[in-house]
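Hi,

Here's the structure I said I'd pass on.

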Amino acid sequence: MNDSNGYEAVIGLEVHIQLTTRTKAFCGCSTRFGDAPNTNTCPVCLGYPGALPVANREMISMAIALGLATGCTIHHRSVFVRKHYFYPDLPKGYQISQYEDPICTDGTVDIELDDGTRKPVRIRRIHIEEDAGKSLHDIATETLIDLNRCGVPLLEIVTEPDLRTPAEAHAFLVLLRKIVTYLEICDGNMEEGSLRCDANVSVRPAGSREMRTKTEIKNLNSFRNVERALGYEIHRHAELLRQGESPESETLLWDAVRNLTVPLRGKEESPDYRYFPEPDLPPVVLDDAWIERVRAALPELPLARRDRFIANYGLSRYDADILTAEKPLADFFEHTVAGLKRRLPEDFKTACNWVTGDFTRMLRERKRPITDPPLSPAALAELLDMLIEGTISGKMAKQILEEAADTGVHPREIVGRSGAAQLTDEGFLSTLIDSVLRENEPSVRKYLGGRENVFGFFVGQVMKATQGRANPELVNRILREKLDERKKCHE
Ligand SMILES: [Zn+2]
């Protein structure tokens, strides 16, 4: 952070993402979240002596996918190690991880800041490891342990200290979350702990290249907390430096209630993990065919898709950002516009407004996810076609959207059945307007005499005669033509 007092921050992130494999990293147990405690366990993930782990191939493919998506070198040989530490929810007494030979190294992603400028952030490494179980301390007298999460596969992503502000750290996390959810290797749910972040931060005089003492903030569980914790810590470091002091190298936790960081443990207690190669697992050996198979299956990545939405559909960056924030929403939008009869930029904008506006609101009200909508993209396209061609008004479209969502009946069928279609029959409207003018001869004379505001009265009469179903633009046009004609005769 280039604050006014001449200091800048140096920030690096370590992000753990929980993979969406069906089974655990080294055994066949289910990874399902929310199952009854300790039901998804076996001798391997409980660490019984003699139980043999086998690496999950799907997990390895997911690590390759993330490595490719972040421009990393994918190593043909990587090694599992044991990382030793004691914790009650780690029954083996060690965690299987990767240390000196991780599967991916040396990548780069471009983050985008609010003003649209891009900045490269280097990825030092991505490695595979298993998760520990969960201790539940919130019971007054005891701690309970759930080992369902024990052995669930994780990827740890470590950046170089290339980030300078809390906003950049935030932008990196948002982008990483988008990438892993587009790859469908992580659900990105921070509340459930599927994406967790540790941040290293130090502060130095702006413009200097030196590295000052850093502190590490552990287990940041929301984007907001990452920004707030970093903001607090940078300010704290800068204050100490200003007083001629230096922060201690320590591990901290963010207290979101009191808005400050608190020490977890000091440097002198920093654990020695005694890494050594896992004797029960062979090195991960990848051939080119495996890597190429994963590459061929990569989806279009979020920033590329956002830029394509701008180029192909003529959308603003703002709209394209909203549509591509979540892959299922972007997919739904593209399936909807694929079903439109007319394909002008204004029609894509209409589709964008409906997908992000009324359609999203309808889903929220019905508590339905975009992946399981009560109305298909084809049905929404059908509704939008009728709106675009003027068969129905915007107000009617909203009602039909609700009805289609409630009943599953196709929008065109609803319109046909109810006779709710807007009147767009020119012949019919022309005859109707003739009779309205005939019945209101005194007003017509006033209009021809220069009282232009009587025009609205005629429109009102037509709308009244059709119970509001006449297409207003059409009524205006026909009426204008007829009155202009009378004016010519009058002159
Ligand atoms: Zn198991």
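In what order do the three strands of the open sheet come? The order is E5-E4-E15, with antiparallel pairing. (Strands here are DSSP runs of E with at least two residues, helices are runs of H or I with at least four, and both are numbered from the N terminus; two strands pair if DSSP finds at least two bridges between them.) Strand E5 (94–98) and strand E15 (276–277) are the edge strands with a single partner each, so one side of each has no neighbour in the sheet. E4 (residues 80–84) is joined to E5 by five bridges, and His84 has Tyr94 in E5 as its bridge partner.

Before going on: this is a predicted model, where local features need pLDDT of at least 70, side-chain atom pairs count only at pLDDT 80 or more, and totals for chains, interfaces and linings use all residues. Residues are numbered from 1 along each chain as its sequence is written.

The chain splits into domain 1 (7–293), domain 2 (314–418) and domain 3 (426–490), with bounds from an automatic or database domain assignment. The C-alpha centres of domain 2 and domain 3 are 34 Å apart.

Then there's a helix pair: H12 (residues 426–439) packs with H14 (residues 455–465) at about 120°, axes 10 Å apart. Leu432, Ile433, Val436 and Leu437 of H12 meet Phe458, Gln461, Val462 and Ala465 of H14 (contact means C-beta atoms, placed from the backbone, within 7 Å).

Cheers

Methods:
Axes fitted to C-alpha atoms, helices over the stretch in contact; angles between N-to-C directions. Contact = placed C-beta atoms within 7 Å.
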